[in-house]
Amino acid sequence: MENRQETEELNIPDVLPLLPVRDVVVYPYMILPLFVGREISINAVDYALSKDRMIFLATQRDVADEEPAPDGIYQVGTVAMIMRMLKLPDGRVKILVQGLTKARVTEYLAEKPFYSVRIDRMLEPASQENSLEAEALIRTVKEELGKIVALGKAVSPEVMVIVENMQEPGSLADLVASNIGLKVEEAQGLLEVTDPLERLRKVNDYLNKESELLNMQARIQSAAKEEMGKSQREYYLREQLRAIQQELGETDARSEEIAELRKSVESAKMPQTVEKEALKQLGRLEQMHPDAAEAGMLRTYLDWLVDIPWSKSTKDSLEINRASEILNEDHYFLEKVKERILEFLAVRKLKKKMKGPILCFLGPPGVGKTSLGKSIARAMGRKFVRISLGGVRDEAEVRGHRRTYVGALPGRIIQGLKQAGSNNPVFMLDELDKLGSDFRGDPSSALLEVLDPEQNNSFSDHYINLPFNLSNVMFIATANQIDTVPGPLRDRMEVISLSGYTEEEKLGIAKRYLVPRQVKENGISEEIANFSEEALRTIISKYTREAGLRNLEREIGTVCRKVARKVAEKGEKQFHITAATVPKYLGPPKFLREEEMERNEIGVVTGLAWTPVGGEVLFVEATVMKGKGGLTLTGQLGDVMKESVQAALSYIRTRSAEFQLPEDFLSSFDIHVHVPAGAIPKDGPSAGVTMATALVSALTKTPVRKEVAMTGEITLRGKVLPIGGLKEKILAAARLGVTTVVIPVQNHKDLEDVPKTILKKLKIVTASTIDDVLKVALENFPPKEASAAKSSKPPKASPAKPKAGRSRMVVPTGKGPVSAGGKA
């Protein structure tokens, strides 16, 4: 009461500097330190110290607001006296303040350099000292405060002593409210209540709420301790029960589980080292509490050890004739692959113990790599397992995770063997060329052990952590491109290339497999949908552009669905699909092939290119015009093809006399080489002979025979170098209708891969030098008349005139760039 009277006697100005505070509400008679860091706040403190040391403390609404506006500060606050001030090294100021009296802001007089406000003191009504309600409230608040302190609420003993000796309701409410950790909004609400009894009632309500929360917290902690004690008690009782059951000859469920696991381990026919480790882990599990975290991990680990086919294997079917029938039944052509499988079966028949081969089927999508693996498994009588490696970036996908990790599992290899149920399946690693790598490891490096016949007899998975013999597994990898497969991994595999199918092969496959399958899947019969041979040829040549068969099957399926709809709607019973009716089902043709030139022309040469979807024809055009020796290359040519043009031009210049060209013929003329179509990128190392022939023809005004196509690279000495993709290129030439194909002499051996039916239609000419090519390709070589380069006018090169309605280039959009050299 004396302090309150002293406060009332203090002369408090109506205008004071305002200090916004965060996270705290200051009550009258409350003493606390404050750290002041904002410039506007430091200015307010300095001003107060220069006057009467009084300052108005008000709490800001948003704690994160660095520059609170007047509407962001509560209107009701506390007038305080700055008792001490200390400047800190970091520029902040520490002040010790004591609340004096409550006041309300009536007006903001200034905002710079600090808030200056006009205040109105909030005087409390006089309390009735003899009021029974006030006495009861004071006692209740003191008792409730004692309860929450007993339940663990942190309140200093000095505060408790002051509370016991305090009898004034308003002061008691303020003191308790400042020490029980109220939220800012709750504390501010109490500050704004002027009636002491009402304020004390609210404090009592907060104390009751805090008491209930602390009681609930104590019950939760007690329940947790009881649960822990209960678990320990159950463990001891369970151990006693087990001892009693053993004495009585009885067993419990856990004992039955352990006994079953032990029986499974003993019957799994594991190798000796594996069985020893399994029994060791089983012993650990037996001594472990069943609710322990490691117990679940051990049970899972033992289940994996039991389920892995350590000694389970299937018996190989060694009837070679039967295997050959199955392979021929499932796949048309692919003779090299079938021959390799039959060779393996023959050796397996003669030698009982041998390592499984590690093959890699290399080819474009849709040629039957994955389905071929299934057929091999069926022919050999083995289980078939396939895992896709596309996009796998984690080494643990192959080797597994270590058992210390939560949710650890074996790698895909061990999982596949468990799925197969035998230790000698045909294991297909699909999309090997699409493996990735990142900070988690390189899965392609992990596969080195899997695919090495000298190492995979003791393959160790991180999860199993025991050696497993993979030498009986027949691994078959598939890839679209061999370049992206790392060299060490490629070295461990026997690569078998599956090039694209010819038109005749696609026709045979469509008749034998695709049409019957699509007819069946669409609910009709071959009597209802009758495909003629010409209709299938039309679909193959004009509606698909691929090395494989996927799009061909989709187009056949489209025709079958349209037929099925007509049968369902109109009840028609028979449809005869011919070449003329195919557009009714599939729309206008999607692809038009390059057609043969109408006549021999100057500067236009038929070249052959390799693409991922098969061979293609490229017409290389060269023309000479009056100029200053410039060379223009168009058609989106790659660096390799540009270099081929430069090499061909250099070769022609060194032999200009033989071609009857003046030595300085380039100084008066410009040369332009173009390869349609310009929107498609082209590159590769086998366009040299084509470029050289076009340039010689244009410079000497010698027409090129339209029935000749060619491929090959040249050197500056005029030698013709070998190329790749010969089969695809010759097939493209046959489709175009040319009769003569010039190839490098070193590629003569590759003609064995070309179907004999195709070779019978063509005349194959091998060339070792560019002269051999020119003799076949040009009408008169060497030229007998003077070159047009000697005249004052440039020779007029006649570009090839396409037939009406045909396209100059037919490489499909979205299938990637044309490669003039392909695999060489």
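1. The axes referred to here are lines fitted to C-alpha atoms, for helices over the stretch in contact, and angles run from 0 to 180 degrees between N-to-C directions. The model under review is a predicted one. Two packed helices are described by the angle between their axes and the distance between the axes. For helix α18 (residues 503-521) and helix α19 (residues 533-542), the angle is about 115 degrees and the axes are 10 Å apart.

2. The crossing of α18 past α19 is right-handed. On the α18 side the contact is formed by Glu 503, Glu 504, Lys 506, Leu 507, Ala 510, Lys 511 and Val 515, and on the α19 side by Glu 533, Leu 536, Arg 537, Ile 540 and Ser 541. By class, this contact comprises 6 charged residues, 5 nonpolar and 1 polar.

3. Arg 199 belongs to helix α7, which covers residues 196-248. Buried means under 20% relative accessible area. Because its relative accessibility is 1%, Arg 199 counts as buried. A polar atom of the Arg 199 side chain lies 2.7 Å from the backbone oxygen of Val 193. Apart from neighbours within four places in sequence, the contacts of Arg 199 are Lys 102, Glu 124, Gly 170, Ala 173, Asp 174, Leu 190, Val 193 and Thr 194.

4. Helix α10 (residues 293-307) contains 15 residues. From first C-alpha to last, α10 reaches 22 Å, close to the 21 Å expected at 1.5 Å a residue. Its buried residues include Ala 295, Leu 298, Tyr 301 and Leu 302, as well as Trp 304, Leu 305 and Val 306.

5. Helix α23 (residues 688-700) has 13 residues, and its reach of 18 Å between first and last C-alpha is close to the expected 18 Å. How many of the residues of α23 are buried? The count is 13 of the 13, so α23 is largely enclosed by the rest of the structure. Lys 701 follows α23 and has a positive phi, near 55 degrees.

6. Phe 619 is located in strand β18, residues 614-626. With a relative accessible area of 2%, Phe 619 is buried, since the cut-off for that term is under 20%. Phe 619 and Ala 677 are separated by 58 residues in sequence, while their C-alpha atoms are 9.3 Å apart in space.

How values were computed: Residues are numbered from 1 along each chain as its sequence is written. This is a predicted model: local features need pLDDT of at least 70, side-chain atom pairs count only at pLDDT 80 or more; totals for chains, interfaces and linings use all residues. Side-chain values use heavy atoms; hydrogens and water are left out. Helices (H or I, at least four residues) and strands (E, at least two) are DSSP runs, numbered from the N terminus. A crossing is left-handed if the near helix is turned anticlockwise from the far one by less than a right angle, and right-handed if clockwise. Contact means heavy atoms within 4.5 Å. Ala, Val, Leu, Ile, Met, Phe, Trp, Tyr, Cys and Pro count as nonpolar, Asp, Glu, Lys and Arg as charged, and the others, Gly among them, as polar. The expected span of a helix is 1.5 Å times one less than its number of residues. Buried means under 20% relative accessible area, exposed over 50%, partly exposed in between (1.4 Å probe, protein chains only). A polar contact is a pair of N or O atoms within 3.5 Å; within protein, one must be able to donate a hydrogen and the other to accept it, and residues adjacent in sequence count only if both atoms are side-chain atoms.
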